[in-house]
Every structure is written in structure tokens, then in C-alpha cells.
Amino acid sequence: MTMSYKKRLVQRLRDGKTIFNIGGYIASIIYVLIIVVPLYYVIISAFKDNAQIFSAPLTPPSKLSLVNFINAEKTGRLGRALGISLFVTVCGEVLSLVLAFPAAYAIARIRTNLAALVERFFSLGFLIPAFAMLVPLVLLMAQLKLLYKPLSLVLLYPVWRLPLAIVVLAAYLRTVPRELEESAELDGASRMQILLLILFPLARAGVITVLIINFITFWNEYLFALILMSQENRTMQVALSILKGERSVDYGMLAAGVLFSIVPVYIAFLIFQERVVEGIYSGAVKG
Amino acid sequence: MKLTHRNNTIKDGDGAAVGYRQYKMERDRVAFLIFVAPALIAFILIMLWPMINMFYLSTMDWRGLVKPKVYVGLANFIRMTRDRHFLRALTNTGIHTLISLPGVILPAYMLGFFLSQRPRGYRFLRLVFFSPAMISVTAIAMMFVGVYLPEGILNTVLRGVGLGDLARPWLGNTSTVLYAIIAIDFFGGLGYYAVLFSAALTGVSNDLYEAAYLDGAGRWTVMWRVGFPLILDFIGVCLMLHLIWILVGAAQNVLLLTQGGPGDYSMTLGYYLYSQAFKSYQLGYSQAIGVVIFILGAVGLLLIRKVTQRDYQM
Amino acid sequence: MVIRKLTTRVVPWLVALSMMSVLLAGCAAPATPTAEPPAPPEAPAVTEAPPPTEAAPPTEAPPPVEEPAPPEEPAEEPVVLVIMDNWGSEENGKGPPLHATFEEFMAEYPNIKIEEQIFGDHEIPTKVVTMFMAGDEPDIVLQNLHQAALEWLDDGISIDLTDLSKEWGLYDQLKPSAVTEWTDSQGRLNAIPLEGYTWPVWYNTKIMDEAGVEGIPQTVDELIDAAKKIRAAGYQPFTTGGMEWTGEFVFFLALATMLTDEEIPQLYAHGGFSENAHARAAVEAFVKMRDAGVFADDVEGLTNAAANEEFYSEKAAILHGGSWFFSEAPMDIKSHITLGGMPLPEGSPRSKPAIYSSFEGKGVWVTRNGSKKMDAVAKFIKFFYQPRIMARFVEVSAMTSPLIDTPVDESKLDPLFVQSTMLGNVTEVALIHKVYVPPAIDEDLRRAAREALVPNTSVDTILSNLDDVYAILQ
């Protein structure tokens, strides 16, 4: 009994598991603190005023007043911004699928020598730093008469992320067995029917992956939204940056705005945690 | 049914079959183009065309959207060599890359490996690690406004542990501002990549680890000698994503927090591009900076690919 | 068969997809209800409409009268007037009176609908130009004499208002100094001046008394001496947003203490700071102040907000603040604030400490689009410049009225504003350089000014930084 315990201990020490785990836990705890302390600070600050935030940064608030949230909503018009962001994100998602799914189908399923070429084109396009071409993009949107309208983002976001969507969807479509498609073809189904009725549902894991990655990108995008939107149409992220006023900073209100913007997304994340991690991972692997 | 398979599996000279095959190929090609066209056209119009425009504009002296453009060849690029703000931005972006690329990705790999071993509580750790990825970059920047404040949380913690001498206005100090901005990458990026790496490592067959342990290798050795090469490709992908973030994405932290100040001590290439375009109205010059970013990015990505390509077998 | 089996599983997906396509169709429709208020989406449509109706009714109406048209005015075609400003933003005190004015105007002219577009004032120049390119710039812009806007007349974005303002009977009601500032070298009126300001230096006498400083510093040496005492008493001396524009203007004002008003236009238009003896002496004095600790700790890293906060909470004794800050300063410190100017270095050509005072704060610009609906624009501007309406803005925000005669309710005026009207006795107005700086180098010049606040930047570096900015003009 003691022998085997000792032996096990020696073995464990020899392969370094214990030491390794101790090290791992220490590193993890440090990192968890790095994440949790600022978050805690934001949460408590959202219920305090400047004076309380400065004098006792880490002390919990004495009472749960919502005044900062009300002010944040009023100053940044967060409710409206939320609507704009939702509109842009949802329409962007739809457009993204409408454009990417047929293309991915063609690349994965239609045998032609063009397929490899087009796929390569898109996988290179993935690496274009869109921000670097800020000026031509503004010009383009002005020419399209979309400048300062949400529609500009609805158009820009999906196209900007199109390569990723196509490559991920194509990768998923390749895993769908051909037989289903072929028997449908024998039944006289058109390509469109095959696409919508058979492949779209079968590749739903890929569709969900694309939807998740796109959601995070579209929802969180700031720079294009800043440049291409009017004040009236600002998105959540731009509204958030407005809360850091130019003349004076109300840190409590700023914290409340940050909370306001992250809580809905975070709750969604808690619910779909596995899917989100998996989606982003497979997006990165396949992209 | 074999008809749809590889083109050149023709058995013997069956003329009708060849004709059908030809017809089918033709039809496939048309169908392919129809399905790909919307995506292709949209991408060419909204991404490729502006990109070509960027190169075109970088050769122009263009000082405002309604001003005439004057072709100046490479003058914008020559001007960069004498522009100390540009040189500062280049240096700062270089420092950012050198610190953040290995500084975020390597610890993230280690944490990811640790997570992939499924230590007790790994689910909780994974949840916390991934949380910053759910917070928008803007929200993170706004959080750090409070963190770096003179009376903010960082200084409070420092004073609390008796390091009050180190307390300073992190974003307002010429010697700390750049590092304060770089440090934000660690908050957001580290855990994100750690979770992705752990997901990649979970796919690694356990047999490989077992074999290494049987050979008497320790965890540390296994981590670097077995796990690391196995997902090197994927690490390369993450390095690329992070490099793109450093080159262009990080501009937004500068924009939100310091606007390049104090002086030009936190100037980065991405922010300088923005500032030249929308504050100085030097559109041609700003797009020349865009070209530099583009080229640096392309070179960086190629280098990463070269380094992370697997040229040996496990 | 496979298909039939699949369809049962597929139905929910199809439903989802069709819903999505409906949504997308919604997106594709121009400018969506979520995106914009129910206003008519396209301005051009409106611009094209008025001429025929305006021309038609008066001439052709008479013969067949028996129409059930009751009002005395001919039913006018509705016009949408798009106004871009930064006053309407949430943190601006001028928002409520501005919106009240809009409402009153629309009540008086039911056929004109004002659509307001609110942007930060630093964003407005870019937005106007990009929208101009797309053909839908706002009709009226409330904007300062900003660098970029200086070229709007030449670029055809805005129109010359000299004759129009005379026609509207406004020209003679405006203060001549305001008109002069807004008139360019070719005699064109860029915009109708709206907001004047004074931009003095604020001294907290409570802190200065406590520190044993006697009187308001008049010279650089006195200021340095005062700063030492203020620091000794545990306060910060002169605070400013060294990372933003307030810091820039402290430097520029310090520079102006040594420059004559004749030198300023020449110097800022073409550079040459290193060779100008006055400029060099000014920078030397500035560096002397900086190195002697006149400015607050870490001043180069302060934002406007942080600096104001430092002053408002009485941690710092001196601030360079414009009249637009008067109304937001805490009431309880106003009683012990004395307004003054920037102390003078030895050998200064000026006789009293320097302040800025100007009408470049805000003007009403009429754009190309605005000129197409001149009738509505004229009505609005005449309405807007009524003395009783200007008085509202003076009362609420301590701006200087552009009108010669503005009947303000004295009891509503801010005490600091009242004090500022008497600054002429103790200070001298320095010409503000802004309008002489070529737009292409404005941002770089500002950055060079911010760098001057960074410790250890030498006199020669500051001067050559300033001159380097002008290199791209060649």
C-alpha cells in the first residue's frame, strides 16, 4: 500500500505532472486575476460616481443605483444604437450566407478546374487588411450613396469576411456524403433544390460556425462603423466610445455603458459556450 | 455515376460518352460561375477594387476629397523616410510586433496545453479565459481607461502591495504609454488563443503523448517536443491573425485611448494612417502608409508561413 | 425518396431561410425605417420640386378661384432643411435652446421641416466633404472657422454670403469685428458669424492666497515664482490637456505673448519659427516655464477632461479655458476665480498679459445644396438671428453674441461671463493664428505644439519641429 503510493508519487514526480500542474495553476490563477479584476472594477464602478470611484476603487458600491445606466443610455442613446447594431448584424449575417453558401457549394461540389482557382483567390483575400484601404472604401461608399447609412455596413461586413465564410462552408460541404446529392439528382432535383433542401440543412454545423464568427466580428467592429456611420446611426461600439466625453469623463457612466454592451453578448456566450468555442476554432482551422 | 469523377478516366474510345462528358463539363462550368458570381462580384467590387485603388492613390498627392489629385510617383514613400512621425510609428509597430507576437502566442500555447490536459477545473478556466473574446475591443479599451487612470485600479493595486513608487498615469507618460497599449493585447488575446490551442490539442491522439511518457519524457518536454510541432500549422494561423490585428486592428486602441500622444509616443502605423486620412486630409500619403502596412503584412505572413511549415515528421 | 424524407427535417430551415430573405429584402429597401426617422429619404427630390410650384400659384391661380383653399398663403410644397451641427449633442448646453428654436421655426413655417444631423465639431469637416462628394451634403452647417472649412468656398461646397446677408438685412446688425474675421482675403463672407468667445487664463485665488502668491502673475518670472509657491502649498500650478487641443493652445498663446499681431499671419502661413527672434524668445520662455514646473505633473499626458477636472476640483490653481467652459465650471469655485491672461516674457511687444478673443467659434455656413432651396434657408437664418433667440444662447452658454444688439437678461448671465466682459482692462487680445495655418499642415502643427509640453524637448527641437511641419508645403 505505502509502497505503491510511494511508487506512484515517484512516478508522478518523474514525469513532472505535479510540478507541471502547480505551475499551470499558478499561471492560470494569475491570468484569471488579470481578467477578473478589471471586470470586477467595471461592474462595481457602474454603480458608483466619480468621487467614489477615485477614493475607493476596489470597494463595492454602497447601494445599487441605476442612475449611471440611465445616464449612459441617454448620453449614448444606447437603445437606438443597439437597434442599429442588431439591424446591421442580422442583415449582414443574412447577406453573408446568401453570398457565401452558393459560392461554397460551387467550390466544394461542382467539378471544374476553376474551383481550385477561385478557392485560392478567396483564401488569399482573407488576408487583405481592409483598414489599410480606408480612403478608397469611403470613396466607394460615397459613390454608392451609402455613406452614413447602416446599409453601408450591411454591405461591407459580409463581403469583408466573405473569404472566411466561403472557405469554412466549403470545408463543411466536403464532408457531406455525395450519395444524397446524387440520388436527388436522379430524382430530377435541380441544383438550387439540392442546395437549399439537402446541403443547407446538412451543412448546418458549418452555417452555425459562420454565423457565430460573423456575429462576433460584425457586432464588435468599431473603426468602419466610426467612419461610415452618422451620429444618428451609430452602432453600439461607437456609442460606447462617445460615453468617454470630450470635456469631462463620468467613469461610472462609462462603466455602466460597458456593462450594458457586454452583458447580452456574454449571456448568449454562456448559453452557447461549447458551440462558440468550437465554431471559432473550426473557423480558424479551416480558414 | 462515375461520370462525375475525375475527367480523364475515359475507358476506350466511346465517342458518345466523350461528347456527353464535354457537355457536362461545359454545363458544370456555367453552373459554377452562376453560383460563384454574386460572391465574386461583391468581393471584387468592395474589397479588391478599393485595394487596387489604394495602390493607385499612394502615388498621388491628394489633399482632400474634393481637391485635385496630382501624380507624384514615389514621392509619398520618399517623404516617409524623412517623416519622423512615420518613423516613430514604424518603430512602435515594430516594438508592438516583437513583444506581442511571441508574448501573447507562446504563453497562450502553454496555457492551452495545460488546459488540454484537462486539469481539475479546466471547464471553469476555459470559460474565464475565453470571456475577453466576448467583450468588444471598444469595451475593453473603455475598461482600460479606468485601469490606467492615475487613481485607477492599476495604481491602486500597486500602492496596495507597497509599490506605490511605480504608480503613474500610464497612458499619459511618454515612457509607459506604448507598453500600456501593448499590454491590452494580453488581456484580450492570451486567453482567446489559449482556448483555441487547447481545442487544437484535444484533437491530438493520446497515443503520441503516451509514447513520449513511456520514453521517460516529462510534461514540459512533451509540451514543447510533441504538442507544439503537432499543432504548429495552427499556431501559424493564429500568429497570422494576431499580426493582422497588430498592424491594423490595434489602431483602434490608440484612437480610443491616446490618439498617438503624449507627443507622438504612442503613434502606430495603423493610427497614423487614420490620422493622415481624417485629421490631416493627406489622402494620398495615408494610402501610401496603407501600402506599407499591406507589404509589411504580406512579408510577415510569408515569414510566419515559412517558419511554421512542418518540414520534419514527428 | 431521400428528398421526401429530408424535407420533413428541412422545413424549419426553410422557414428560417425564407424569413431571412424577407429580412434581406427589408435591408435592400432604401434607408429602412430603423435606420432613419420617417422623414422623406432623398433630399434631391425635394430640391427639384419647389421651382414650378413657387412660380405657378401666384401667376396662374387667379381665374378659377372657387377652390376650397382657405389660408391666405399659397399652399407651399414641403421643404426639408438639413442642418448639421454639434450643439445638439447630449453634452452641449446649447442643445436645448437650439432644439426649442427649431421647434418654434417649424411651428411658424409648417411647410419647412428641419432635419438635424449631429456630429462632433472635429468630425464635421470630413463629413461635409464626403457627403458633398456624394451630392447630399447638409443645407446649413454650424461650424467654426476650421482649417478644412476655409477652402469650402473655393471648392464650391459653400457659398459666399456677403450679398445675401445684406439682402436679409443681417449684415448691418452683425458686429463689424465678427464680419471682418469671417471675411476672407477676397472679400467673401465665409459664413454668418454666430459664436464669439473669450479664452482667458483662470486663476484660483483661494489656492494662490493659501500659497502666499500676491496678485495675478503678470510676467513669466512672476508665474514661475507663483508656481513654486503653489507647489509648496501642495497644489498643482498650471494645468491643461497636454494630450489634446487645450494643451496646444496654451503653447500657442505662450508663443503669441512674444509675437506681434503683424508677425502671426506671416509666421503661421509660411513657417520660419527658428529664424524669428521673437518666436525663439517665446519658446525659450515657454521651456523655462515648463522646466521650472509651472505646468502640472504629467501635463503632457492629460486629456482636456482630466485637466478641467483637476482645476474644477481645486487641485490645480491655473487653467487656460474658453468661455464655453464658463457654464460647466462648478458654481462654488466661481466666486474665487479671477480671469486674466498669459503672463508676458521679458521683452514682450505686448503691454498686458495675452488672451484670445474671437468670433471664429461658430458660423452658419450655407452649402451648395442649401443654395438650391434659398427661400427656406433665408427664412431660417432670419428667424435664427433674431436678437431674442441669440440672447438664449448667450444666457445659457456664455457665448459672445454676434449681433450688435442682444437683449439679455442680466440676472441669467454667468458670473464668469460678466467678469470676462471686463477683461479689456487687464489683458490684451492676441490674434489667434488658426485661420492662417494651411489646412494641410494643421494637424501636424498641433502635434508639434503638444510635443513642446513633453519634458526634455529642447528649444531647438521645438522650433525645428514647428518648421518641419511646413516642409510638405513645398
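Chain B of this predicted model exposes about 13500 Å², of which carbon and sulfur atoms supply 65%; the area comes from the Shrake-Rupley method with a 1.4 Å probe, and for residues only the protein chains shown count as cover. Of its 314 residues, 57% count as buried, meaning under 20% relative accessible area, with exposed meaning over 50%. Chain B has 13 helices and two strands, taken as DSSP runs (H or I of at least four residues for helices, E of at least two for strands).

Helix α2 of chain B covers residues 75-82, and its buried residues are N76(B), R79(B) and M80(B). Seen down the axis of α2(B), these fall within an arc of 110°, so they line one face of the helix; the arc is that of the directions from the helix axis to the C-beta atoms. On the other side of α2(B), T81(B) and R82(B) are exposed.

In chain A, the axes of helix α5 (residues 78-109) and helix α11 (residues 191-202) come within 12 Å and cross at roughly 100°. That makes α5(A) roughly perpendicular to α11(A), a class that spans 65 to 115 degrees. On the α5(A) side, the contact (heavy atoms within 4.5 Å) is made by L97(A), F101(A), P102(A), Y105(A) and R109(A), and on the α11(A) side by R191(A), L195(A), L199(A) and F200(A). These residues divide into seven nonpolar, no polar and two charged.

Local features need pLDDT of at least 70, and side-chain atom pairs count only at pLDDT 80 or more, while totals for chains, interfaces and linings use all residues. Residues are numbered from 1 along each chain, chains are lettered from A, and side-chain values use heavy atoms, without hydrogens and water.

Conventions
Buried < 20%, exposed > 50% of the residue type's maximum accessible area, 1.4 Å probe, protein only. Axes fitted to C-alpha atoms, helices over the stretch in contact; angles between N-to-C directions. Parallel < 35°, antiparallel > 145°, perpendicular 65-115°, else oblique. Nonpolar A, V, L, I, M, F, W, Y, C, P; charged D, E, K, R; others polar.
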